Structures are given as C-alpha cells and as structure tokens.
Amino acid sequence: MVTDGSPWLSWWACLCVAFLSSFVSILVTVFVMKKRSRSTAESAATTSNDAFSSGTGGGCRVEASCSSSVSGQPGYEYDVFLSFRGEDTRKGFTDGLYTALEGARIRVFRDNERLGIGKEIGPELLQGIKRSSISIPIFSENYASSKWCLKEFAFMMECREARQQIVLPIFYDVTPNEVQHQTGSYAKAFRQHTKKQDPRTVQRWRRALAEVGSLKGWELKNETNGHQGKLIKMIVTKVLRKLKNAHLCVNNKLVGIDNHMKAVMRMLSVDAPDVRFIGIWGMGGIGKTTLAKVIYNQILDDFDSCSFLQDVRETSGRSHNGLRQLQSQLVTDLLKCDRLEFASIDEGISVLKRRFREMKVLILLDDVDSVYQLNALAAELDWFGQGSRIIITTRNKGALEVPQEHQVYEVKEMQQEQALQLFCKHALRRDAPTVRLRALSEEIVRRTGGLPLALEVIGSFLHGKSEDTWKATSQKLKIVPNNEVEHKLRISYDALQHEQQQMFLDIACLFSGEDKKTVAHMWEDQYKFSPEADIEVLQLLSLIKIGEDNMLRLHDQLRDLGRGIVRQENLKEPGKRSRLWGDEAIDVLLNNQVKHIFFFFHLWSYKRLLCC
C-alpha cells in the first residue's frame with residue numbers, strides 16, 4: 001500500500017476511500033479501478049471429460065497452477081508421460097494411476113485424441129515424451145500388439161540414453177522376462193509385426209524391449225500381491241521423490257558449510273526410528289537457512305513426504321490469519337492434496353495432530369521466532385510418524401522450548417580464512433585476493449564480522465569497483481559497531497541510484513515473493529524506461545535473488561533493512577510514510593490517517609477489501 005504522499009499512482013489499482021463519521025459506525029465506500037495489464041492472457045487448454053481417451057496410448061496434459069504443482073525438473077514441460085494399451089488398462093489401472101498422479105499435482109502428458117486406424121503416431125506424442133521428466137510405460141498383455149506403444153517405448157529409451165530421462169516401467173499382467181525376451185503374448189505380437197513392418201523398425205523395437213532388464217520398475221503380482229491401490233501409492237511416492245530431489249534453491253558459492261552439515265547430520269541421525277526436532281539457532285545473516293536447505297535437499301529421499309515453510313515469522317505476522325495459512329500449506333504439502341482452509345488455528349492443530357502419526361515426514365520451518373508459532377505447526381513429537389524429522393531455524397533460542405526433547409545447533413560466525421574466501425568469491429570472482437588487494441580485503445572481512453550475508457552483499461557491491469571505493473567502504477565499516485548488521489548492509493543500499501533504492505524498498509515492503517515480470521511492468525510504467533538493468537544491478541549486488549520460478553526474493557535481514565528505512569520516514573504517523581504493508585495498512589485506513597489510500601492487487605486476482 002502506498003499513501004497519497006507517493007507519486008506512484010499511475011499503474012496500481014486503487015480504492016478511493018471516503019470516510020463518513022456517525023455515532024455508531026464508519027461507512028467505507030470502496031471504488032476498485034482495474035489495473036491495466038500488459039500481459040496477454042493464456043487461453044486455458046481444454047481437456048476431455050473422460051479420464052482417458054479411447055486411443056491406444058499416449059499422454060494427457062494436466063496443467064496445475066504454478067502455486068500448486070510439484071516443482072518439476074528444469075528444462076521439462078511435463079513431469080510424467082504415460083504409455084499404455086488402451087483396451088487392457090484404460091478404465092482400470094491406468095485410470096487409477098492417472099487420477100492419483102493428478103491428485104498429487106503432478107503434470108501428466110497423455111493423448112486426448114483417438115488414433116484412427118492406419119494413422120501414424122503423431123509428432124505431438126513424441127514431443128510429449130521428449131518434454132517429460134519421467135516416462136512410465138505400463139506393460140500389459142496386448143501392449144506389444146500396438147505399433148504405437150512400441151514406437152513410444154523405443155523413443156523413451158532413446159531419450160533415456162540421450163537426455164538422461166527417467167523410465168519407470170510397470171509390469172501389469174506380464175513378467176519382466178516376457179517383455180525383455182519377447183515371449184508369450186509378446187512373441188505372438190512380434191510374429192505379426194515381422195510380416196507387416198520394416199525389419200529395421202522391428203529390430204529397433206526388440207532392442208528397446210531387451211533393455212527392460214536394466215530398468216527398475218514394479219511388477220504388480222510380486223510387488224503388492226496384485227493389489228493395484230497399493231502399487232499406485234508406491235508409484236506416486238516414487239515419482240514425487242524423483243521430482244522433488246534437491247528442489248530447494250541454494251546459492252552455489254558456499255564456503256565453510258561442511259563442518260556445520262556434519263554436526264547437524266549427527267543430530268538428525270536419519271536412520272534412527274525416533275522422531276526428532278532439530279533447532280538451528282544463530283543471528284540474522286549467519287547462514288541458518290542456507291545450512292538447513294542443503295541438509296533438507298540431502299536427506300529428502302528418505303521420507304514419505306516433505307514440506308518447507310519459508311519465512312514463518314514474516315508470514316504469521318503479515319495478517320491475522322497468517323498462521324492458519326502456514327498450517328494449510330503444511331497439510332497440503334504433506335498430503336499432496338488440494339489446499340485445505342481452516343476456520344481457526346485450533347482446527348489446524350487438530351488436523352496436524354491426527355493426520356500424520358503414521359507418516360515419516362521431513363519438515364523445515366524457516367525463521368520461527370516464537371513458541372506460539374511452533375505450537376501451531378509442530379508442537380509435539382507424537383504428531384508425526386516414526387523416523388520423522390522437523391528442522392527449525394530461528395534467531396530466538398527461546399522459540400525452541402517445545403518440545404523438550406529437541407536438540408539445538410548454534411551457527412557461529414565464520415573463521416577469518418573462510419570469511420575471506422567467501423568475500424573474494426563475490427568481490428573478485430575467485431577464492432583468494434590478489435596481492436595488491438590482500439591487506440584491504442582482510443581488513444574489510446575483519447570489520448564485516450564473519451557474517452555470510454554481509455560478506456556476500458559487501459563483496460558483490462565492491463566487484464569491479466576502484467581501489468578508492470574499497471578504501472572508502474573499509475572506512476565506513478570502521479565506524480559501524482560489529483553487532484550492527486543492518487548498518488553494514490546499508491552501505492550497499494546507500495550506493496544505489498534513487499530509482500534503484502525505490503525499487504529495493506518496493507520489494508522489501510511489498511513485492512517479495514512476487515513475479516518479476518509483473519512488478520517490472522509497474523516500474524516500467526512509473527519510470528518510463530525498462531527497469532531490467534536496475535533489477536540486474538540489485539541482483540548483482542546480492543540485495544535480491546531471482547529464483548528459477550522468476551520470483552523476487554530477498555534475505556529477511558535485507559527485508560528488515562528496507563522496512564526499517566521506510567519506518568524512519570515517520571516514526572509516529574505511519575500514514576505519512578511512502579509505503580504501508582500488512583495490518584498496519586488496515587489500521588491506517590480504519591483510523592482515517594490519510595485522505596486517499598491506494599491498494600495493490602495481484603494481477604491475477606482482484607480481491608475485495610471489506611472494512612466495517
């Protein structure tokens with residue numbers, strides 16, 4: 001929210017609020033003006049009403065929204081391609097598997113069009129295989145009688161060889177031996193193909209099937225004694241693990257993390273059957289979240305389900321229902337279901353206490369700062385199944401009082417040698433300083449205090465700068481107390497141009513977690529030039545991050561810095577500040593502290609604000 005003191009009015013949708021006082025109530029009239037959108041809306045893909053088409057095989061597009069879908073592998077448009085013989089499994093096993101994958105928010109490619117008799121397999125199907133991270137052929141009795149199924153499988157194996165794609169076969173009512181050596185019904189099918197197809201094509205299919213022995217898959221009869229529901233559950237779990245492998249984004253310029261990892265891994269002891277809560281405690285900017293993410297990625301595959309709740313402190317304090325939103329996300333992540341909404345925190349606690357006692361889960365709660373938050377999300381060991389691990393990062397050790405059985409690891413400041421290496425990675429793009437800059441580098445590192453975030457931000461700021469700038473920065477750090485992290489970070493902020501400062505404050509106050517393209521359109525309208533260069537400057541200075549999802553993000557310490565700068569504009573009257581956010585914005589509205597108030601809306605939804 002921006003008050004009328006700000007010139008930033010041309011782009012954002014606004015509510016013009018007029019306050020009329022009476023003895024018993026305040027009447028608020030809200031006018032919503034639509035925001036001008038520069039993005040072309042994508043047309044929604046239409047899908048067949050049937051769960052599966054009457055074709056012989058292929059893939060179907062299940063496009064979940066970005067906020068709800070599983071994070072797929074980079075470079076792939078779809079998560080899974082299903083290949084099956086329609087007359088064998090379409091209405092039974094394949095339908096059940098498709099529904100389960102869709103319910104887990106996995107993007108599945110399957111053909112919705114009927115393949116006419118005599119028609120060749122379409123290029124769209126082959127492209128579907130190529131654009132899928134995982135291919136799942138369902139080998140059934142009549143699978144080999146379909147030349148389209150054989151073409152699909154042969155192409156899957158080629159993609160496995162050329163693109164390292166994953167192939168997970170299912171042996172529905174045939175054995176791996178029958179498929180690999182083409183015996184039984186597969187021998188009969190190939191006798192027919194030999195009469196009608198080119199010999200080289202038939203040989204290509206045989207070679208592909210012969211490689212089945214090198215694939216790890218499932219045989220329905222032996223794996224679950226014929227119970228299809230159990231097998232489907234196993235397949236979905238396996239697919240999710242494959243897709244979620246190392247899905248948390250971590251900076252690739254890590255230094256000195258190995259010893260921390262070893263210590264926390266000893267505490268976690270992933271193979272132990274008990275439930276454990278591990279707290280990672282330290283000051284802001286010390287590297288707690290990075291350490292937790294690296295560990296989370298490393299042990300992810302050992303659990304039935306997982307969830308990463310980012311910025312618990314920020315989210316829970318953003319609005320009165322922030323904790324309920326976190327509870328909802330936690331349940332949704334662990335159950336892989338549609339989002340559940342809770343009427344109260346108590347209702348969320350009730351679900352969490354009952355639903356996961358038989359599940360081995362991995363949960364990462366990032367930046368918890370109160371016992372109240374932990375009580376609402378993971379209060380007791382017996383909420384979760386045997387072998388579960390809950391990792392909590394916090395600046396406040398007092399937030400780790402529950403449960404009593406938790407263990408706490410303190411992350412301390414970096415040693416001088418490691419700190420110098422990290423600083424040089426960002427300032428000089430190398431592991432050690434040049435002879436000319438060694439003394440100056442060591443002095444800056446010593447005055448920065450061994451804080452990874454400050455080393456990264458200040459190092460990024462000094463990259464490519466003159467020696468005079470390095471000396472001036474060292475002098476500024478000299479007058480900043482060692483425990484004043486934000487003052488050290490502000491050195492980089494003060495060096496920004498005015499528009500860049502405004503953009504940084506916008507992200508810190510309002511747009512962290514928003515799509516870069518959406519916010520860039522707003523800035524372009526405001527400044528009348530493309531903001532891409534300025535966004536790149538903020539990124540190069542390590543003041544913001546832009547993930548693979550194109551979302552703008554920044555460290556919570558930098559977010560606090562930006563919001564602190566805005567609060568200093570007027571400590572007593574929030575309505576006179578340039579930006580307002582969260583409950584404070586509502587308070588200003590209700591207390592009639594400004595004449596005109598403008599509210600930001602997400603471009604993809606227009607929400608009503610009801611005040612009474």
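In the predicted model, the secondary structure comes to 25 helices and 19 strands. The protein has 612 residues, and buried residues make up 51% of them. Among contacts between residues at least 6 apart in sequence, 74% join residues at least 24 apart.

Strand S12, made up of residues 276–281, pairs with S15 in the parallel sense over six bridges, and Ile-278 stands opposite Ile-391 in S15. Strand S14, residues 361–365, also pairs with S15 in the parallel sense, over four bridges. Opposite Ile-391 in S15 stands Leu-364. From S14 the chain crosses through helix H15, residues 371–377, to S15, and this β-α-β crossover is right-handed.

Trp-281 has its place in strand S12 and, with a relative accessible area of 22%, is partly exposed. The cut-off matters here: buried means under 20% relative accessible area, so Trp-281 at 22% falls into the partly exposed class. Although Trp-281 and Thr-394 are 113 residues apart in sequence, their C-alpha atoms are 5.1 Å apart in space. Leaving aside residues up to four places away in sequence, Trp-281 touches Lys-288, Thr-394, Arg-395, Asn-396, Lys-397, Val-408, Tyr-409, Glu-410 and Val-411. With Arg-395 there is also a polar approach: a polar atom of the Trp-281 side chain lies 3.2 Å from the backbone oxygen of Arg-395.

Helix H23, residues 532–540, has buried residues Asp-534, Ile-535 and Leu-538. These three cover an arc of only 105° around the axis, which puts them on the same side of H23. An α-helix has 3.6 residues a turn, so residues three or four places apart point the same way. The buried residues of H23 pack against helix H21 (498–511), helix H22 (516–527) and strand S17 (545–546). After H23 comes Ser-542, whose phi is positive, near 60°.

Charged side chains give another view of how parts of the chain are joined. Side chains of opposite charge can pair when their charged atoms come close. A search of the whole structure finds 25 salt bridges. One of them joins the side chains of Glu-77 and Arg-131, at 2.7 Å from N to O. This pair links distant parts of the chain, 54 residues apart: Glu-77 lies in the loop between strands S5 (32–33) and S6 (78–83), and Arg-131 in the loop between helix H3 (123–130) and strand S8 (132–139). Glu-77 counts as partly exposed, at 37% relative accessibility, and Arg-131 likewise counts as partly exposed, at 24%.

A second salt bridge brings together the side chains of Arg-563 and Glu-314, at 2.9 Å from N to O. Arg-563 lies in helix H24 (residues 556–567) and Glu-314 in helix H12 (residues 312–318), so the pair ties together parts that are 249 residues apart in sequence. Both Arg-563 and Glu-314 are buried. In a further example, the side chains of Lys-545 and Glu-456 meet at 2.4 Å, N to O. Because Lys-545 lies in strand S17 and Glu-456 in helix H18 (residues 452–462), this pair ties together parts 89 residues apart in sequence. Lys-545 is partly exposed, with a relative accessible area of 36%, whereas Glu-456 is buried, at 11%. Salt bridges that share partners also join Asp-311, Arg-313, Glu-314, Asp-367, Arg-395, Arg-559, Asp-560 and Arg-563 into one network.

Finally, Arg-577 lies in the loop between H24 and helix H25 (582–590). At 4% relative accessibility, Arg-577 counts as buried. The side chain of Arg-577 reaches the backbone oxygen of Asn-570 at 2.9 Å.

How values were computed: Residues are numbered from 1 along each chain as its sequence is written. This is a predicted model: local features need pLDDT of at least 70, side-chain atom pairs count only at pLDDT 80 or more; totals for chains, interfaces and linings use all residues. Side-chain values use heavy atoms; hydrogens and water are left out. Two strands pair if DSSP finds at least two bridges between them. Helices (H or I, at least four residues) and strands (E, at least two) are DSSP runs, numbered from the N terminus. A crossover is right-handed if, with the strands pointing away from the viewer, the path from the first strand over the helix to the second runs clockwise. Buried means under 20% relative accessible area, exposed over 50%, partly exposed in between (1.4 Å probe, protein chains only). The arc is that of the directions from the helix axis to the C-beta atoms. Contact means heavy atoms within 4.5 Å. A salt bridge is a side-chain nitrogen of Lys or Arg within 4 Å of a carboxyl oxygen of Asp or Glu. A polar contact is a pair of N or O atoms within 3.5 Å; within protein, one must be able to donate a hydrogen and the other to accept it, and residues adjacent in sequence count only if both atoms are side-chain atoms.
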